[in-house]
Protein chains: 2
Amino acid sequence: MINREDQNFLIHTLDFWNHLTSNQQALLLEHTTTVHYTAGQRLHRGDRDCIGVLLVKTGCLRTYLLSDKGKDVTLYRLYGGELCVLSASCILKSITFDVHMDVEEDAEVLLLHTSYFAKLMQENIYVENFANKIAVERFSDVMWVMEQMLFFSFDERLALFLLDESSKTSSTTLKLTHEQIAKYMGSAREVVSRMLKYFEQEGLVSLSRGGVTLQDKTKLRKRFLP
Amino acid sequence: MINREDQNFLIHTLDFWNHLTSNQQALLLEHTTTVHYTAGQRLHRGDRDCIGVLLVKTGCLRTYLLSDKGKDVTLYRLYGGELCVLSASCILKSITFDVHMDVEEDAEVLLLHTSYFAKLMQENIYVENFANKIAVERFSDVMWVMEQMLFFSFDERLALFLLDESSKTSSTTLKLTHEQIAKYMGSAREVVSRMLKYFEQEGLVSLSRGGVTLQDKTKLRKRFLP
């Protein structure tokens, strides 16, 4: 059972709430727990568990692929207000792959337990649709990462551009707007902004008004310039 | 409008059919067309069109990513009885990426036009759930490709590709050139030729003009697929 504040947060987020019977609403609340996770904790490891649907209140969870050789690729991060159903992939028959999930920043999370959620999905088409819909959102995240990895062009080019500018100006802080970077690179501002945000999440740069600061040039060089 | 046989095929495939009103059923049939596509034809090009939901009757459609440099990576193929909603990605708000689609073998396809399908999705939760569910299935296909690209070394990937093609076509002889294999695998012809020659030397395959014959599937499987 969760407290009143968490109940409101949950109800506000679940778009199927009003399509539940009052009995289903009560049971769903009963099968939801507020959980505190600590940075560094492993939340979900491939197919070895199916804890439930996660709704992040605060903090950050990172989802990634892990090879048997230990190679790791970030698929997406979840922040406050975001949901993940891949941590309960067992309830979606059409999901046949598995991901890993770690706690990146201390997090408070509402956990909708698999046991009841799976039953609710069978009883109520709005719940099933909700689960599928969230999965499709993550599909888009993953496709973006995949495009970057496959065509290995724009991230490399942006990394190269930033490193170049930095050595030209002998400064790790570049006084350039995303618009300007896009213009210099012959790209679109949205593309630049999205990639810079990704770099920021990876701890490579930090962004401020009208500027980009290179946080870790060695890492940036190593990662993108073979 | 489509003929009686195609109607039965459609009704049998759409799991939401019985949740439609008879008026909705009639309108959906009215907005469905039987289309013949010819091998080599381009069906869907990124965000430039949103033709509708495709239900393949016969033949084969190939979905792929295409970079600005012309590099091409197969995401999945659709055969008889399979559906695709990415060709109508505009109707799913949470899909923010775009794919390309070609006709690989002459195909007969039922096309559920975007105009009415989008409306039906808004009217009927079962239809919305159906569209999301199909998208999630493709998500799994794409994740599989991504894992291959990221984690397997090339010999493993090639072995897997040959075995897959062999079981899809129920034949140990694959009528594919090295060029085609390279294209499907997102690799270069030289890389494929070199690895195939290696496989041949190892007695795993034999090579001929325009074809590869698997000599020892068990050995191939054992050796490369843990």
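## Polar contacts and the chain A–chain B interface

Between chain B and chain A, five residue pairs are in polar contact, both partners at pLDDT 80 or more. A polar contact here is a pair of N or O atoms within 3.5 Å; within protein, one must be able to donate a hydrogen and the other to accept it, and residues adjacent in sequence count only if both atoms are side-chain atoms. Salt bridges between chain B and chain A come to zero, where the term stands for a side-chain nitrogen of Lys or Arg within 4 Å of a carboxyl oxygen of Asp or Glu. On the side of chain B that touches chain A, the elements giving two or more residues are β3 (52-66), β4 (72-78) and α4 (125-151) of chain B. Of these, α4(B) gives the most, with 20 residues. Helices (H or I, at least four residues) and strands (E, at least two) are DSSP runs, numbered from the N terminus.

That side of chain B splits into 19 nonpolar, six polar and eight charged residues. For the sorting, Ala, Val, Leu, Ile, Met, Phe, Trp, Tyr, Cys and Pro are nonpolar, Asp, Glu, Lys and Arg are charged, and the others, Gly among them, are polar. In all, the contact (heavy atoms within 4.5 Å) takes 33 residues from chain B and 34 residues from chain A. The two chains bury about 3300 Å² between them, 73% of it on carbon and sulfur atoms; buried area is the accessible area (1.4 Å probe) that two parts lose on being put together, summed over both.

## About the model

This is a predicted model, where local features need pLDDT of at least 70 and side-chain atom pairs count only at pLDDT 80 or more, while totals for chains, interfaces and linings use all residues. Residues are numbered from 1 along each chain as its sequence is written, chains are lettered from A and ligands numbered from 1 in the order in which they are written, and side-chain values use heavy atoms, with hydrogens and water left out.

## Aromatic pairs

Over all chains, the structure holds six aromatic pairs. Rings of Phe, Tyr and Trp (its six-membered ring) pair if their centres lie within 6.5 Å; planes under 30 degrees apart are stacked, over 60 edge-to-face and the rest tilted. Phe139(A) and Phe139(B) are stacked, because their ring centres are 4.6 Å apart and their planes sit at 15°. Each of them lies in helix α4 of its own chain, so this pair joins two chains. Both Phe139(A) and Phe139(B) are buried, that is, under 20% relative accessible area, with exposed meaning over 50% and partly exposed in between (1.4 Å probe, protein chains only).

Phe161(B) and Tyr184(B) make a tilted pair, 6.5 Å centre to centre with 40° between the planes. It links α5 (residues 154-169) to α6 (residues 178-185) of chain B, across 23 residues. Phe161(B) is buried at 12% relative accessibility, and Tyr184(B) is buried at 14%.

## Salt bridges within the chains

The count is 20 salt bridges over all chains. In chain A, Glu5(A) meets Lys57(A) at 3.5 Å, N to O. Glu5(A) is in α1 (residues 4-13) and Lys57(A) in β3 (residues 52-66), so the bridge ties together parts 52 residues apart in sequence.

In chain B, Lys133(B) pairs with Asp15(B), the closest N and O atoms being 2.5 Å apart. Lys133(B) belongs to α4, while Asp15(B) sits in the loop between α1 (4-13) and α2 (22-30), 118 residues apart. Lys133(B) is partly exposed at 21%, as is Asp15(B) at 44%.
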